[in-house]
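Here's a quick walk through how the inside of this protein is put together. Have the sequence and the 3D view open as you read.

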Amino acid sequence: MRLSKAPNVHLTYCLNIHRGETWAENFAAVREKALAVKAAVCPNEPFGLGLRLSNAASVELAEAKPLADFRAFLEANGLYAFTINGFPFGGFHDGVVKDNVYRPDWRDKARVEYTNRLADILAALLPEGVPGSISTVPLSYKPWLEGATLMNLDMTSNRDIRENLAACAWHLAEIRRRTGKTVALALEPEPGCFLETTEETIRFLREQFDDDARERLGVCFDTCHAHAAGYELKAEGGAAAALDELERLVGRDRVRALHLNDARSGRGSRVDRHALIGQGELGLAPFRWLVNEERFAGVAGILETPIA
């Protein structure tokens, strides 16, 4: 939902908290869960959706009739889609997820095809004037890229990572040219992955891509991941200081999405465990500041908190 027009802030929750790997299951979650949330928080205003589509679900929804039917459903029910969680390709609610959530990584063409398909779907659903974003794997799981560093990535067998991301950036540029819709890809740094911090992500983008590609590529800033990586967000002014540093490094326009999650584990723990907002290590204060910060105008804010 749009929290305010000044700044222009869109906030929703991510549908990845609901089980479902097929489009039928995903649509049922929108119909049965998201509409109930809308009725509770903004019954008389449009409510934005943060979709989560597996590869299988995206193939189903990309067909002309299901996509047209879903677009009509959104319009009829005061809903709009503006962001997609494109991180998990396959089963996200399996009994054991662990490193499987990163497969396929950005070395694999299957990741490109999946992400491009998500971008096509989102472009077809976006309202006029609302930018879209897709969050994605921070390149790969670190143990899989043994010997690779930010300095030598292009000189190893992992050079396909850059080529595949460049291909995705080109596809996003083509969407903009054909439709006038803006869809950006947001790498989501996470402890244990090749890109663990925002700084590493920014450095990778700066060193590997030109300005044209970076217009389509950016960062997803996840508060739980940042806290686990050692950022000080809890102390008074901590979130503002983190944003100031982020803006100094990359500029405000490279933050493509905000994942607003409290944390179960301590600062610097390198453990990614989400908690309900205000009931974890971070408390309420950083989130109050983030959703009212003018520098995040137009950036998708998504809650990924567990079901209470």
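## Inside the fold

Start with Val-30: if you skip its neighbours within four places in sequence, this residue is in contact with Leu-15, Leu-35, Leu-49, Leu-51, Phe-70, Phe-73 and Leu-79. Keep in mind that this is a predicted model.

Val-30 turns up again in the largest nonpolar core, which has 69 residues. Along with Leu-49, Leu-51, Phe-70, Leu-165 and Phe-204, Val-30 touches the most other members there. As for who supplies that core, helix α4 (residues 109-125) gives the most, with 8 residues. Apart from this core there's another one, of 15 residues, and Leu-11, Tyr-231, Leu-258 and Leu-290 are among them. As a general point, nonpolar side chains in soluble globular proteins tend to be buried together.

Phe-204 also belongs to helix α6 (residues 198-208), where the buried residues are Thr-198, Thr-201, Ile-202, Phe-204, Leu-205 and Gln-208. Which side of α6 do they take? They sit on the same side, because they cover an arc of only 160 degrees around the axis.

Now for the rings. The structure holds 11 aromatic pairs, and two of them are set out here:

| Pair | Centre to centre | Angle between planes | Type |
|---|---|---|---|
| Tyr-80 and Phe-82 | 5.6 Å | 35 degrees | tilted |
| Phe-221 and Tyr-231 | 6.1 Å | 85 degrees | edge-to-face |

Phe-221 sits in strand β7 (residues 217-222), while Tyr-231 is in the loop between α8 (223-229) and α9, so their pair ties together parts that are 10 residues apart in sequence. Phe-221 is buried, at a relative accessible area of 6%. Tyr-231 has 14% relative accessibility and counts as buried too, because the cut-off is under 20%.

There's also an aromatic cluster made up of Trp-23, Phe-27, Phe-70 and Phe-73. Phe-70 and Phe-73 are both among the contacts of Val-30.

Finally, take a look at Asp-244, in helix α9 (residues 238-250). Is Asp-244 buried, exposed or partly exposed? With a relative accessible area of 41%, Asp-244 is partly exposed. Asp-244 and Arg-295 are 51 residues apart in sequence, and C-alpha to C-alpha they're 10.0 Å apart in space.

Conventions
Residues numbered from 1 in each chain as written. Predicted model: local features only at pLDDT ≥ 70, side-chain atom pairs only at ≥ 80, totals over all residues. Heavy atoms only, no water. Helix = DSSP H or I, 4+ residues; strand = E, 2+ residues; numbered from the N terminus. Buried < 20%, exposed > 50% of the residue type's maximum accessible area, 1.4 Å probe, protein only. Phe/Tyr/Trp six-rings, centres within 6.5 Å; stacked < 30°, edge-to-face > 60°. Arc of directions from axis to C-beta. Core = buried A, V, L, I, M, F, W, Y, C linked by side-chain atoms within 4.5 Å. Contact = heavy atoms within 4.5 Å.
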